[in-house]
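User: Hi! I'm new to looking at protein structures, and I'd like to go through this one with you. Could you put it up on the screen?

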Amino acid sequence: MPPCNDFVKVNVNASWKQGMDVGSVGVIIRRTDGSFLASFSGLTNASSSIDAETSAILEGCKFALHEGLNNVIIEFDSREAISSVHGSIARGRTANLAADHLAKLSSSRILTFVWVNRPSSSLTDILNKNDLPCPPPQNG
């Protein structure tokens, strides 16, 4: 569901492998009409899946602030993270496919990636499959 007027939606997700102290996070920000605004993919310190998920929530908030956004709705799909931050009932994974893709993208890289105004080509495919407005992908 798109956010209310004057709000943006920040979808976050994380990936973590047991035995590692590193997780990866994916963040995507969408406008009221569901169109792409910005995304972020990076690594985070995490000793468990719950650490990675709560880090993704924090990174999503920090990224939104960095982009100058104050009226945000954070959406994530981890029941454990919801319990940890006293959130509401988890939504289905389909709402977070794009953030999940970005989190998995980071797990294979050591760099942080940020896309503003135009998503990566792989993210464009996911957004288009979900019938979300999406500009052409950014080259490089």
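User: Thanks! How many helices and strands does the protein chain have?

Analyst: There are 4 helices and 5 strands in the protein chain. Keep in mind that this is a predicted model.

User: In what order do the elements run from the N terminus?

Analyst: Starting at the N terminus, the order is β-β-β-α-β-α-α-β-α.

User: OK, let's go inside. Which residues touch the most other members of the largest nonpolar core?

Analyst: Those are Val-10, Val-12, Val-27, Ile-29, Phe-63 and Leu-69, out of 18 residues in the largest nonpolar core. Strand 1, strand 2 (22–30), strand 3 (36–45) and helix 1 (49–66) are the elements that each give two or more residues to this core.

User: And which element gives the most?

Analyst: Helix 1 does, with 5 residues.

User: How much of the protein chain is buried overall?

Analyst: Buried residues account for 44% of its 140 residues.

User: And what about the accessible surface?

Analyst: The accessible surface of the protein chain is about 7600 Å², and carbon and sulfur atoms hold 53% of that.

User: Switching topic: where is Gly-19?

Analyst: You'll find Gly-19 in the loop between strand 1 and strand 2.

User: Is Gly-19 buried or exposed?

Analyst: Gly-19 has a relative accessible area of 74%, so it counts as exposed.

User: What separation do the C-alpha atoms of Gly-19 and Ser-48 have?

Analyst: Their C-alpha atoms are separated by 8.5 Å, while the two residues are 29 residues apart along the chain.

User: How many of the contacts join residues at least 24 apart?

Analyst: If you take contacts in the protein chain between residues at least 6 apart in sequence, 60% join residues at least 24 apart.

User: Last one: what is the phi of Asp-6?

Analyst: Asp-6 has a positive phi of about 70 degrees, although it is not a glycine.

User: Where is Asp-6, then? And is Asp-6 buried or exposed?

Analyst: Asp-6 belongs to the segment before strand 1 (8–16). With a relative accessible area of 66%, Asp-6 is exposed.

How values were computed
Residues numbered from 1 in each chain as written. Predicted model: local features only at pLDDT ≥ 70, side-chain atom pairs only at ≥ 80, totals over all residues. Heavy atoms only, no water. Buried < 20%, exposed > 50% of the residue type's maximum accessible area, 1.4 Å probe, protein only. Core = buried A, V, L, I, M, F, W, Y, C linked by side-chain atoms within 4.5 Å. Contact = heavy atoms within 4.5 Å. Areas by Shrake-Rupley, 256 points an atom, 1.4 Å probe, with all protein chains shown as cover.
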